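Dear colleague,

I am passing on the structure below, and I would be grateful if you could read the notes after it with the coordinates open.

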Amino acid sequence: IEVEHAEEGQKWRSRFPARFIEEITQRTGNAKKFDIFVRMLLSALAQESDAVYLDVLTARDLEMLRRHANPQGPPTTSTSTQSDKRYLILTYRAEFDKVHYPLP
């Protein structure tokens, strides 16, 4: 997967083996086979459905979302992460569920 910041020209690139994708989806509690995940990703890229969409977030963005989702949760330690590291988040939204699949 390759993502490019149109205004700044920065690019981020990663490869994900099928097994890794399936493990990530299992950890969310909403397991998907690799081929289904790829179809969801392609659908989000083509904006074919409101049920799936993509976000690109920084580590700081993710931490803010975690704190917002669970303000009573344990405090997280501030680690020195690369400021240019990004996470591609595929979100699947159904009538009663919303699942985030994070790809580092």
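Predicted model: local features only at pLDDT ≥ 70, side-chain atom pairs only at ≥ 80, totals over all residues.

Residues are numbered from 1 along each chain as its sequence is written, and side-chain values use heavy atoms, with hydrogens and water left out.

Helices (H or I, at least four residues) and strands (E, at least two) are DSSP runs, numbered from the N terminus. Tyr101 is in contact (heavy atoms within 4.5 Å) with residues including Thr25, Asn30, Phe37, Met40 and Leu88, its neighbours within four places in sequence being left aside.

Ser43 lies in helix α2, which spans residues 34–46, and is buried at a relative accessible area of 13%; here buried means under 20%, exposed over 50% and partly exposed in between, with a 1.4 Å probe and protein chains only. Beyond the residues up to four places away in sequence, Ser43 touches Glu48, Ser49 and Val52.

The count of salt bridges (a side-chain nitrogen of Lys or Arg within 4 Å of a carboxyl oxygen of Asp or Glu) comes to five. In one of them, the closest N and O atoms of Glu2 and Arg13 are 2.8 Å apart, and this pair links distant parts of the chain, with Glu2 in strand β1 (residues 2–4) and Arg13 in strand β2 (residues 11–13). Glu2 is partly exposed at 44%, while Arg13 is exposed at 61%.

Within helix α1 (residues 18–28), Arg19 and Glu22 lie three residues apart, about one turn of the helix, and form a salt bridge at 3.9 Å between the closest N and O atoms; Arg19 is partly exposed at 49%, and Glu22 is buried at 18%. Arg67 and Glu63 meet in another salt bridge, at 3.3 Å from N to O, and because they are four residues apart in helix α3 (residues 59–69), about one helical turn separates them.
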